[in-house]
Amino acid sequence: QVYAATMHAALRCREYRAGAKIFEQCQANCKFIGEAAYTAALRIFAKLGDATRVQQIWDDALNRLKLSEFLGSARIVAAAEAGDVEAAADTLDKLNSTNV
C-alpha cells in the first residue's frame with residue numbers, strides 16, 4: 001500500500017506532520033486501510049503528542065481489523081511515547097485475552 005509506505009518513510013525521516021497529512025489523505029481516499037497504515041499512524045500521532053488522535057486511530061483499527069501482534073505492538077509503542085502505562089497495560093491485556 002503506497003500510503004503506508006509513504007507514512008513509514010515519514011516516520012524514518014522524522015517528518016511526523018507530513019506523515020499525519022498522508023494518513024488523513026489515506027482516510028479520505030481509501031475504502032480499506034490496512035494494518036501497516038494503522039501501525040504507522042499510531043506511531044506518527046504519538047510522536048506528535050496527540051493522545052486523543054492515537055486513541056481514535058486505535059479504536060478505528062480495532063473496529064475494522066482483527067487485533068494482531070503488529071497492531072498491538074504499535075499501540076504499546078504509542079502508549080510508551082505518551083508515558084501512558086495504563087494504555088500499554090490495557091493493550092497487553094487485550095493481546096493476552098485474544099491469544100495473540
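**Reading bridges, core and surface**

Mentor: Let's start with Lys47, which is partly exposed, with a relative accessible area of 39%. Keep in mind that we're looking at a predicted model.

Trainee: Why does Lys47 count as partly exposed?

Mentor: A residue is buried under 20%, exposed over 50%, and partly exposed in between.

Trainee: Which side chain meets Lys47 in a salt bridge?

Mentor: To spot a salt bridge, look for a Lys or Arg side-chain nitrogen within 4 Å of an Asp or Glu carboxyl oxygen. Here the partner of Lys47 is Glu81, at 3.3 Å from N to O. Glu81 sits in helix H5 and Lys47 in helix H3, so this bridge ties together parts 34 residues apart in sequence. Glu81 is partly exposed too, at 41%.

Trainee: How many salt bridges are there by this rule?

Mentor: The count is three. Another one joins the side chains of Glu24 and Arg53, with 3.2 Å from N to O. That pair links distant parts of the chain, since Glu24 belongs to helix H2 and Arg53 to helix H4, 29 residues apart. Check their labels as well: Glu24 is partly exposed at 35%, while Arg53 is buried at 13%.

Then there's Asp60 with Arg64, whose closest N and O atoms are 2.8 Å apart. These two are four residues apart in helix H4, so about one helical turn separates Asp60 from Arg64.

Trainee: Which residues have the most contacts inside the largest nonpolar core?

Mentor: For a core, you look for buried nonpolar residues joined through their side-chain atoms. The largest one here has 28 residues, and Met7, Phe23, Tyr38, Leu42 and Phe45 have the most contacts inside it. Helices H1, H2, H3, H4 and H5 each give two or more residues to this core, and H3 gives the most, with eight.

Trainee: What about Tyr16: buried or exposed?

Mentor: Tyr16, in helix H2, is buried, at 17% relative accessible area.

Now compare Arg14, in the loop between H1 and H2. Arg14 is exposed at 64%, and its phi is positive, about 60 degrees, although Arg14 is not a glycine.

Trainee: Where do Asp84, Glu86, Asp90 and Asp93 gather?

Mentor: For this one, you look for like charges that sit within 9 Å of each other. Those four form a patch of negative charge on the surface. One of them, Asp93, lies in helix H6, residues 85-97, and is partly exposed at 48%.

Conventions. Residues numbered from 1 in each chain as written. Predicted model: local features only at pLDDT ≥ 70, side-chain atom pairs only at ≥ 80, totals over all residues. Heavy atoms only, no water. Patch = residues over 30% accessible without salt bridge, like charges linked within 9 Å, V, L, I, M, F, W, Y side chains within 5 Å. Areas by Shrake-Rupley, 256 points an atom, 1.4 Å probe, with all protein chains shown as cover. Lys, Arg positive; Asp, Glu negative; His and termini not counted. Charge placed at Lys NZ, Arg CZ, Asp CG, Glu CD. Buried < 20%, exposed > 50% of the residue type's maximum accessible area, 1.4 Å probe, protein only. Core = buried A, V, L, I, M, F, W, Y, C linked by side-chain atoms within 4.5 Å.
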